Amino acid sequence: MATMILEIQTRGLNQYYRLEQFPVTIGRALDNDVILSDNSVSPYHLRLEQDAEGQVFAHNLSSENGTRLNKHQLGLQPVQVPIPSQLLLGNRKLRLASTAMPVETTHVSRCGGLFAPFCQPLWAALLLLLTVVSLLLNDYLNVPVAKEPLFYISGVLPTLVWMLFATLVISGITRLFTHRWEFAPALSVVSLFNLVPMVLEEISGWLSYFLSSDAPFTWLMTGVSGFVLIPALLYVYLHWVLSQKRLPALGIALVLSALPLGLRAISVLDQVTLANEFSSEPYYHQELSSLNIHANPPLPLETYLQRAADALPSQLADE
């Protein structure tokens with residue numbers, strides 16, 4: 001007869017018991033063979049028995065929350081349990097399986113190469129430093145007049161506080177899945193949340209200038225950065241770093257992205273509504289950046305006057 005395995009499913013790593021001698025009692029009382037520390041489980045909740053042919057029978061002992069076998073409520077009479085089967089004792093999920101059952105394919109960690117910044121603290125620190133420098137440079141280029149260094153530092157501080165909060169939240173989610181804190185991967189993801197939009201903004205500015213169109217900015221910033229970036233990075237983090245399956249990783253990424261994506265959708269709808277209304281301000285293209293190679297440096301005053309004199313010699317001579 002094959003040895004039975006009882007799997008107790010948890011939010012992180014599951015627990016396993018080898019059932020070699022029957023009957024096996026399961027419950028919250030300390031004299032059970034399998035003890036479950038869950039208040040929804042009765043002190044003596046379930047008894048598993050095995051006959052001479054190796055067939056397993058489940059006998060429900062709980063009169064409070066009862067037992068479900070493959071989503072069917074058990075009564076007072078013993079019921080044969082097919083292998084494998086799902087059991088629900090109160091709110092606690094269990095699975096009864098055989099040692100002869102094949103196991104899933106090992107998920108290989110992808111923390112090297114392209115995904116190294118998600119796992120190694122040094123890479124995460126460098127990514128954070130690059131993000132801070134990019135934020136300071138972005139503020140410097142967007143301010144029309146020179147300011148003191150403290151002005152730019154104070155402008156970056158709120159973003160750094162948000163990054164710290166988001167890092168703690170993602171680390172907490174990691175704790176639920178892996179039972180350990182992972183600050184370096186969480187910090188890398190949060191840094192990319194801030195760094196990638198700035199890179200896309202520069203790319204969209206150059207493309208909009210060369211194509212004389214706002215379409216690249218609309219697609220890259222509103223589409224990719226606004227709606228695709230957050231769930232994509234969370235999916236990569238959950239699937240490739242935390243080794244979660246594809247569909248659960250995608251579902252969790254979409255759930256975690258629901259609030260920011262919803263707020264972003266409301267903002268886009270407001271912009272579309274206002275764009276169709278009358279405005280007293282004329283529309284003009286603002287995509288020319290000071291970093292663009294086509295932005296000529298300003299002319300000195302002497303050069304400007306000389307060019308003006310060459311272009312309009314008679315008018316200047318009369319004056």
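A salt bridge here is a side-chain nitrogen of Lys or Arg within 4 Å of a carboxyl oxygen of Asp or Glu. Keep that in mind, and keep in mind that this is a predicted model.

Salt bridges first. The whole structure has 4 of them. I'll walk through some.

Start with Glu 7 and Arg 95. Their side chains meet in a salt bridge, at 2.9 Å from N to O. This pair links distant parts of the chain. Glu 7 sits in strand 1, residues 4-8, and Arg 95 in strand 11, residues 92-98. That puts the partners 88 residues apart. Are the two ends buried or exposed? Glu 7 counts as buried, because its relative accessibility is 6%, under the 20% cut-off. Arg 95 is partly exposed, with a relative accessible area of 24%.

Next, Asp 38 and Arg 92. Again the side chains meet in a salt bridge, 3.2 Å from N to O. Where do the partners lie? Asp 38 is in the loop between strand 4 (34-35) and strand 5 (46-50), and Arg 92 is in strand 11, so the pair ties together parts that are 54 residues apart in sequence. Asp 38 is buried, at 13% relative accessible area. Arg 92 counts as partly exposed, at 22%.

Then Arg 18 and Glu 20. They form a salt bridge, with the closest N and O atoms 3.3 Å apart. Arg 18 counts as exposed, at 55% relative accessibility. Glu 20 counts as exposed too, also at 55%.

Now the surface. There is a nonpolar patch made of Leu 122, Trp 123, Leu 126, Leu 129 and Val 133. Together they have about 510 Å² of accessible area. Take Leu 129 as one of them. Leu 129 lies in helix 1, residues 121-142. Leu 129 counts as exposed because its relative accessibility is 51%, and exposed means over 50%.

How many cavities of 30 Å³ or more does the structure hold? The count is 1. The largest cavity has a volume of about 40 Å³. Its lining is Ile 170, Ile 173, Leu 234, Tyr 237, Leu 238 and Leu 256. Two elements give two or more residues to that lining: helix 2 (149-178) and helix 4 (215-241). Helix 4 provides the largest share, 3 residues. By class, the lining has 6 nonpolar residues, no polar and no charged ones.

To recap: Glu 7 pairs with Arg 95, Asp 38 pairs with Arg 92, and the lining of the largest cavity has no charged residues.

Technical notes
Residues are numbered from 1 along each chain as its sequence is written. This is a predicted model: local features need pLDDT of at least 70, side-chain atom pairs count only at pLDDT 80 or more; totals for chains, interfaces and linings use all residues. Side-chain values use heavy atoms; hydrogens and water are left out. On a 1 Å grid over the protein atoms alone, a cavity is a set of points where a 1.4 Å probe fits but cannot get out, and a pocket is an open set with protein on both sides within 12 Å along at least five of seven lines; lining residues have an atom within 4 Å of a point. Grid points are joined across faces, edges and corners, and a volume is the space filled by probe spheres set on the points. Helices (H or I, at least four residues) and strands (E, at least two) are DSSP runs, numbered from the N terminus. Ala, Val, Leu, Ile, Met, Phe, Trp, Tyr, Cys and Pro count as nonpolar, Asp, Glu, Lys and Arg as charged, and the others, Gly among them, as polar. Patches are made of residues with over 30% relative accessible area and no salt bridge: like charges are joined within 9 Å, nonpolar side chains (Val, Leu, Ile, Met, Phe, Trp, Tyr) within 5 Å. Accessible areas come from the Shrake-Rupley method with a 1.4 Å probe; for residues, only the protein chains shown count as cover. Buried means under 20% relative accessible area, exposed over 50%, partly exposed in between (1.4 Å probe, protein chains only).
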